[in-house]
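Please look through the structure below before reading on.

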Amino acid sequence: MDYSLPELLNRAIERHKRGDHDQAKKYYLELLREKPNHVDANHNMGILEAKFGNTDNAILYFMKPVMQKSTNSQHWLSCIQALLDLEQLKKAEEILHRSHG
């Protein structure tokens, strides 16, 4: 069944909140196939990856909203936290500075 991008995002978020992570991931990835730079889908995929210990993958998703200069501070904080978790202090500092300007 085909869904619009907003429907995919809503379904993904709904599944994510219910703890149905596999289904949430499926919807996020389907959305990202259609719109690879979707900031919320990328951020939420990063959250899922980080939750399951895939911090390297999480950073790949977290960086997309950051590189697009997202105005959502949570996007920046999630990216910085993942970098700190991997002890990439210099990169985390760089992202922090970028968030302010």
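The paragraphs that follow take up a residue, an aromatic pair and a helix contact.

This is a predicted model, in which local features need pLDDT of at least 70, side-chain atom pairs count only at pLDDT 80 or more, and totals for chains, interfaces and linings use all residues. Residues are numbered from 1 along each chain as its sequence is written, and side-chain values use heavy atoms, with hydrogens and water left out.

Helix α2 spans residues 21–34 and includes Lys25; helices are DSSP runs of H or I, at least four residues, numbered from the N terminus. Lys25 has 33% relative accessibility and so counts as partly exposed, the class between buried (under 20% relative accessible area) and exposed (over 50%), with a 1.4 Å probe and protein chains only. Leaving aside residues up to four places away in sequence, Lys25 touches Met45, Leu48 and Glu49, where contact means heavy atoms within 4.5 Å. Leu48 is 23 residues from Lys25 in sequence, and their C-alpha atoms are 7.6 Å apart.

The structure holds one aromatic pair. Tyr3 and Tyr27 form this edge-to-face pair, at 6.1 Å centre to centre and 75° between the planes; ring centres of Phe, Tyr and Trp (its six-membered ring) must lie within 6.5 Å, and planes over 60 degrees apart count as edge-to-face. Because Tyr3 lies in the segment before α1 (5–18) and Tyr27 in helix α2, the pair ties together parts 24 residues apart in sequence. Tyr27 counts as buried because its relative accessibility is 7%.

Finally, Thr55, Ile59, Phe62, Met63, Pro65 and Val66 in α4 meet residues of α5, among them His75, Trp76 and Leu83.

Methods. Helix = DSSP H or I, 4+ residues; strand = E, 2+ residues; numbered from the N terminus. Phe/Tyr/Trp six-rings, centres within 6.5 Å; stacked < 30°, edge-to-face > 60°.
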